[in-house]
Amino acid sequence: MNYRLKTSTISRRALSRGLFVLSLGLLCSQVNAADSAESWPSTPVRLVVPYAPGGTTDYAARQVAQKLSEATGKTFIVENKSGASGTIATQDVVRSKPDGSSFLVTDTTYAMLPLSFAKLPWDYEHDLIHVAEIIETPLVLVVPEKSPFKTLADLIEYAKKNPGALNFGSGGPASSTHLAAEMFASEAKVKMSHIPYRGAGAALADVMAGQIDLLVTAAPTAIPPVQGSRVRALAVSGDQRLESLPDVPTFAQAGLPSYQVINWFGLAAPKGTPEPIVEKMNSLVNEVMGDAEMQQLMARQGARHRSVALKPFGEYVQQQVTFWTDVGRRVGIKPE
């Protein structure tokens with residue numbers, strides 16, 4: 001009996017020592033994470049864009065990279081890795097060391113990837129941490145400058161009388177420009193024909209050339225050709241007109257109040273990135289993009305920044321995935 005008592009006592013002591021060591025290890029881990037966030041970034045930070053230079057996603061990335069570099073005195077660089085609807089860049093970041101040196105620049109199209117691929121090469125819900133929103137932009141419906149349609153009502157009336165006669169361009173199947181136009185057709189109760197391109201820039205070029213009838217694209221992409229009289233804007237999404245396009249009505253003002261689609265652009269980190277670093281990046285992005293001067297610049301480009309905390313932004317991205325997956329199924333898009 002004494003032997004058993006002694007063994008039990010030793011076991012309790014061993015357990016206590018084990019728990020103490022475990023607690024000490026956790027405490028040290030927390031201290032190290034906090035220290036790493038304090039010194040972060042100690043090396044250049046990549047913001048990986050899933051597309052070629054020149055689009056709205058690239059524009060958003062370069063704006064935030066410049067501002068983060070100015071605010072911290074450290075180096076934030078934009079790296080473009082285009083191809084496979086953004087999955088090449090996403091895989092690159094997912095496989096990167098989770099130390100705060102790599103972030104993926106996400107956008108509305110990221111939420112649509114399940115519509116393009118039956119199986120993605122990473123865990124869609126768990127392999128990335130959605131960190132912060134950079135900007136969000138309304139959409140603009142544009143037609144060729146010589147188009148017979150002067151108003152949104154003109155276009156809708158023609159489309160109803162001639163189902164399938166109008167065609168719209170997009171940056172590719174299941175892209176944001178594709179589904180934004182499908183949403184417009186659904187809300188307007190019209191049928192149109194889809195012409196996919198290898199990027200929204202190519203589709204916009206054909207609108208300017210009068211080769212296709214319309215395109216629904218992000219405001220920063222649409223504003224320059226509209227101001228240059230190379231295309232005509234019929235409506236913008238959102239609850240107010242754009243500062244740079246004051247004569248263009250909102251969809252609600254143009255007679256289609258149910259169309260409220262907005263594009264968003266954000267940052268995501270690989271799973272395992274220390275929470276203090278992720279929180280710090282969220283705070284930095286909200287600080288630099290929420291600056292009054294930056295907000296004025298964004299307004300001229302038809303964009304704005306919302307300061308969203310880490311958890312709510314992650315929840316918003318998941319809501320967007322659910323929303324666009326439902327839209328894709330309704331319009332008959334099937335993943336390959």
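Guide: Angles between helices run from 0 to 180 degrees between N-to-C directions, with axes fitted to C-alpha atoms over the stretch in contact. The model here is predicted. In it, the axes of helix H2 (residues 56-72) and helix H10 (residues 292-300) come within 13 Å and cross at roughly 165°.

Visitor: Why are H2 and H10 called roughly antiparallel?

Guide: An angle over 145 degrees counts as roughly antiparallel. The crossing angle is roughly 165°, and H2 and H10 are therefore roughly antiparallel to each other. The crossing is right-handed.

Visitor: Which residues in H2 and H10 meet?

Guide: From H2 come Tyr 59, Gln 63 and Lys 67; from H10 come Met 294, Leu 297 and Met 298. Four of these contact residues are nonpolar, one is polar and one is charged.

Visitor: Which residues in H11 are called buried?

Guide: Buried means under 20% relative accessible area. The buried residues in H11 include Leu 310, Phe 313, Tyr 316, Val 317, Trp 324 and Val 327. Their cover includes helices H4 (113-116), H6 (176-188) and H9 (275-289), together with strands S4 (128-144) and S9 (262-270).

Visitor: How much of the protein chain is buried?

Guide: Of its 336 residues, 48% are buried. The chain has eleven helices and nine strands.

Methods: Residues numbered from 1 in each chain as written. Predicted model: local features only at pLDDT ≥ 70, side-chain atom pairs only at ≥ 80, totals over all residues. Heavy atoms only, no water. Helix = DSSP H or I, 4+ residues; strand = E, 2+ residues; numbered from the N terminus. Parallel < 35°, antiparallel > 145°, perpendicular 65-115°, else oblique. Left-handed = near helix turned anticlockwise from the far one by under 90°. Contact = heavy atoms within 4.5 Å. Nonpolar A, V, L, I, M, F, W, Y, C, P; charged D, E, K, R; others polar. Buried < 20%, exposed > 50% of the residue type's maximum accessible area, 1.4 Å probe, protein only.
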